[in-house]
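I begin with a turn and move on to strand pairing, the core and a pocket.

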Amino acid sequence: DGYLDNVYTGDNEPNTDDYSLRGVLVWDATDALAVTVRGDFNDSDEKGSNQQLYQLDANNPNNPIDGRPYTIEPVDFDDKADFVDGIGGENVESSDITNELFSITMNYHEGIYDFTSITGYSAYDAKIGADADNSALDTLVRHTDEDFDQFSQELRVLIQPGGDFEYLAGIYYDHTNLDVHDTFDALLLPGAVDGTVFNKFKQESDSLAAFGQVTWNITEAWRWNVGLRYSDDQKEYTKDVTIAGIVLLPAFADDYTNGEHRSYDDVTWNTSVQYFLHDDLMFYGTLSTGYKDGGYDQFYLGSHRAVDPQEASLEFNEETANSAELGMKSTLLDGAMTFDIAAFYSEFDDLQTSALVGSTFVVGNAGKAISQGVETSVRYAITENLTMGAS
């Protein structure tokens with residue numbers, strides 16, 4: 001049952017039902033070959049939402065879709081006013097999401113070589129209903145059907161010849177499909193003036209990477225790791241926005257059809273130094289770079305970025321990051337306790353973010369962002385049967 005009382009319907013929201021199933025099979029095929037098969041399945045069903053309109057802009061107290069004034073009912077912190085109920089009283093604030101994951105990992109050891117293969121498949125199906133105008137007015141209702149699937153394959157080899165150097169090399173590939181259908185039902189004057197916006201978005205992407213790492217055991221106490229990764233990402237999409245019925249305000253949506261292809265490749269690196277004071281105490285420092293590929297805004301409805309919708313762009317660029325970390329890892333009390341501490345700093349450029357522009361959300365690149373802090377964790381085995389931890 002939900003934790004908010006809907007003062008209009010008497011229901012508790014959000015009401016959730018979650019089911020999960022996980023299975024793992026480990027097969028020691030030979031002395032040299034180990035195979036692990038894993039499967040995960042989850043079904044999440046939610047009715048209602050935890051959203052509540054609580055404040056109005058004094059200069060814009062009306063709904064931007066149809067101009068009708070918002071009203072805010074006095075509700076307690078534990079209560080919420082009703083959003084749209086839809087036809088027949090069915091609450092459209094809901095989501096039904098199923099996802100699945102399967103993977104096969106094979107490890108083969110031969111002399112100084114360790115070969116690893118990881119094959120993965122993941123997918124999800126989502127059906128979401130939302131009150132898109134975020135009020136008790138029966139103005140704009142959104143229904144979304146979303147399908148996603150991904151296949152991935154990684155191959156890598158670890159070479160440990162027993163001298164001063166160790167080597168790691170590998171390749172990675174994944175292919176994804178994303179198919180989204182949004183339907184917006186607009187009831188500007190219920191029963192008299194209404195219409196529907198259809199937003200169809202389909203995207204395919206391919207990512208290919210080659211990576212390697214060298215570890216130099218300088219002395220028994222000092223170790224230096226250097227890694228490089230080359231990545232190539234390709235994405236293409238088709239998108240079609242159509243309006244049936246009334247003509248909505250241009251601030252919300254317009255007829256729009258487009259399709260584009262983008263590619264991005266980059267070399268990222270990381271380096272770390274480790275110092276082992278003894279077998280149970282290690283200090284380290286790490287510098288690394290990374291990126292999150294850009295893409296296309298499937299939610300964009302073709303009206304708020306250009307006077308001519310055909311000139312508007314759904315594309316946002318990649319986000320890059322530079323990170324540093326200093327830390328310590330330790331084992332104490334003859335192995336009964338572990339204590340770790342780390343200070344971290346990450347600086348992001350062209351941060352990917354979603355912001356409300358007019359009456360729709362827009363995905364784009366912001367400026368810079370910094371994430372920094374200190375984290376620590378400790379675990380202590382008080383007895384053979386009782387372990388406590390804190391972080």
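1. In this predicted model, glycine 111 adopts a positive phi near 65° in the hairpin formed by strand 6 and strand 7, where two residues lie between the strands. The two strands, covering residues 94-110 and residues 113-131, run antiparallel to each other and pair over 17 bridges; within the pairing, tyrosine 108 is placed opposite phenylalanine 115 of strand 7.

2. Strand 7 also pairs with strand 8, again in the antiparallel sense, and here the pairing extends over 19 bridges.

3. Which residues have the most contacts inside the largest nonpolar core? They are Phe184, Phe201, Tyr237, Tyr256 and Leu314, in a core of 17 residues. Two or more core residues come from each of strand 8 (140-159), strand 9 (165-189), strand 10 (193-216) and strand 11 (222-245), and strand 9 provides the largest share, with four residues.

4. The second largest pocket holds about 260 Å³ of space, and among its 19 lining residues those closest to its centre are Asp174, Ser205, Ser207, Asp233 and Lys235. Strand 8, strand 9, strand 10 and strand 11 each contribute at least two residues to this lining, with strand 10 giving the most, six residues.

Technical notes. Residues are numbered from 1 along each chain as its sequence is written. This is a predicted model: local features need pLDDT of at least 70, side-chain atom pairs count only at pLDDT 80 or more; totals for chains, interfaces and linings use all residues. Side-chain values use heavy atoms; hydrogens and water are left out. A nonpolar core is a set of buried Ala, Val, Leu, Ile, Met, Phe, Trp, Tyr and Cys residues joined through side-chain atoms within 4.5 Å. Buried means under 20% relative accessible area, exposed over 50%, partly exposed in between (1.4 Å probe, protein chains only). Two strands pair if DSSP finds at least two bridges between them. On a 1 Å grid over the protein atoms alone, a cavity is a set of points where a 1.4 Å probe fits but cannot get out, and a pocket is an open set with protein on both sides within 12 Å along at least five of seven lines; lining residues have an atom within 4 Å of a point. Grid points are joined across faces, edges and corners, and a volume is the space filled by probe spheres set on the points.
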